[in-house]
Structures are given as C-alpha cells and as structure tokens.
Amino acid sequence: QVQLVESGGGLVQAGGSLSLSCAASGSIFSINTMGWYRQAPGKQRALVATMSSGGSTRTADSVKGRFTISRDNAKNMVYLRMNNLKPEDTAVYYCNANIRVTTDWRYDYYWGQGTQVTVSS
C-alpha cells in the first residue's frame, strides 16, 4: 500500500557533500514524521534526523551542524543534505515515515530499502 523510495547515495571523499531524497507513495491519507536512519556494518540502526509535519526536527549529535533535513509535505518527500562528510558517516541510510493509509485510522511506520553512502578518507 505504501512505498518509500530513496535516492542519492554514493561514494564521496571526506569533506564532500551528498544529498538524499525519499519519496513516499501509495494509498496515503497523511504523514506525521518523516526522517532518516542509518546502519553501519556491525552496528544497530540509529537515528540521523527526523522532521514532523509541522517542521519540528530531531537530529543526532554526531551530525549536527553538518546534516540538514527538510521535507516537502505537498510531494510527500523528505531530503537530507549532508555536508563535510566523514568516514564514520559511511552506512546504509534508510528513509522512515509514520503514515496513515486511506483504509485505516492508525499510523504505522514504513521503511525504504536503503541507500549506501560511502565516505573515503
């Protein structure tokens, strides 16, 4: 019923920049929070940044001042601009959204398939 599709990952040198995009589609009634998580090899998936429909944000301390989350509510899209990337930012980045579909009253969390970000030193 709902799909989240990420794009924009890739390989970049330390100090470089990348932008990620995520589009939500399907039988969507409304979206609450959208955001990004990441999972590095051998580590648990962790929050990067999220944004509510009203614009409130949560950002991991490790990326504050370097990463910026934004969203376009009309297009059901969320973005992540990553500047001054470091090797420790290397991970699979996952889009996440809290969505109510047209056939249900509840909100559920949905995940994208992930996009690889690799930062070389």
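Two strands are said to pair here if DSSP finds at least two bridges between them, and the strands themselves are DSSP runs of E with at least two residues, numbered from the N terminus. The structure is a predicted model, in which local features need pLDDT of at least 70 and side-chain atom pairs count only at pLDDT 80 or more, while totals for chains, interfaces and linings use all residues. Residues are numbered from 1 along each chain as its sequence is written, and side-chain values use heavy atoms, with hydrogens and water left out.

## Strand pairs and their turns

Strand 5 and strand 6, the latter made of residues 57-59, pair in the antiparallel sense over 3 bridges, and Met51 has Thr57 of strand 6 as its bridge partner. The hairpin of these two strands has 5 residues between them, and Gly55 takes a positive phi near 105 degrees there. Ser52 has its place in the loop between strand 5 and strand 6. Its relative accessible area is 18%, so Ser52 counts as buried (buried means under 20% relative accessible area, exposed over 50% and partly exposed in between, with a 1.4 Å probe and protein chains only). Apart from residues up to four places away in sequence, Ser52 touches Asn32, Thr33 and Arg71, where contact means heavy atoms within 4.5 Å.

On its other pairing, strand 5 is joined to strand 4 by 5 bridges, and these two strands run antiparallel. Tyr37 has Leu47 in strand 5 as its bridge partner, and in this hairpin, with 6 residues between the strands, Gly42 takes a positive phi near 80 degrees.

Strand 7 and strand 8 also run antiparallel and are joined by 6 bridges, with Val78 in strand 8 as the bridge partner of Arg71. They form a hairpin with 4 residues between them, and Asn76 in the turn has a positive phi of about 55 degrees. Asn76 lies in the loop between strand 7 (67-72) and strand 8 (77-82), and a positive phi is taken here by a residue other than glycine. Asn84, in the loop between strand 8 and strand 9, is likewise a residue other than glycine with a positive phi, near 50 degrees. The table sets out these two asparagines.

| Residue | Phi | Relative accessible area |
|---|---|---|
| Asn76 | near 55 degrees | 22%, partly exposed |
| Asn84 | near 50 degrees | 41%, partly exposed |

## The disulfide and its surroundings

A disulfide is taken to be a pair of cysteine sulfur atoms within 2.5 Å, and by this rule the count comes to 1. It joins Cys22 to Cys95, with an S to S distance of 2.0 Å. Because Cys22 lies in strand 3 (residues 18-26) and Cys95 in strand 9, the pair ties together parts that are 73 residues apart in sequence. The torsion about the S-S bond of Cys22 and Cys95 is about -80 degrees, so the disulfide is left-handed. Cys22 is buried, with a relative accessible area of 0%, and Cys95 counts as buried at 0% relative accessibility.

Strand 3 and strand 8 pair in the antiparallel sense over 6 bridges, and within that pairing Cys22 stands opposite Val78 in strand 8.

## Val101 in strand 9

Strand 9 covers residues 91-101 and includes Val101, which is buried with a relative accessible area of 5%. The C-alpha atoms of Val101 and Ile28 are separated by 4.4 Å, although the two residues are 73 residues apart along the chain. If neighbours within four places in sequence are left aside, Val101 is in contact with Gln1, Val2, Ser27, Ile28, Phe29, Arg106 and Tyr110.

## The largest pocket

A pocket is an open set of points, on a 1 Å grid over the protein atoms alone, where a 1.4 Å probe fits, with protein on both sides within 12 Å along at least five of seven lines; lining residues have an atom within 4 Å of a point. About 160 Å³ of space lies in the largest pocket, a volume being the space filled by probe spheres set on the points. Its lining includes Arg38, Gln39, Leu47 and Glu88, and the elements that give two or more residues to that lining are strand 4 (28-39) and strand 5 (46-51). The lining residues divide into 5 nonpolar, 4 polar and 3 charged, where Ala, Val, Leu, Ile, Met, Phe, Trp, Tyr, Cys and Pro count as nonpolar, Asp, Glu, Lys and Arg as charged, and the others, Gly among them, as polar.
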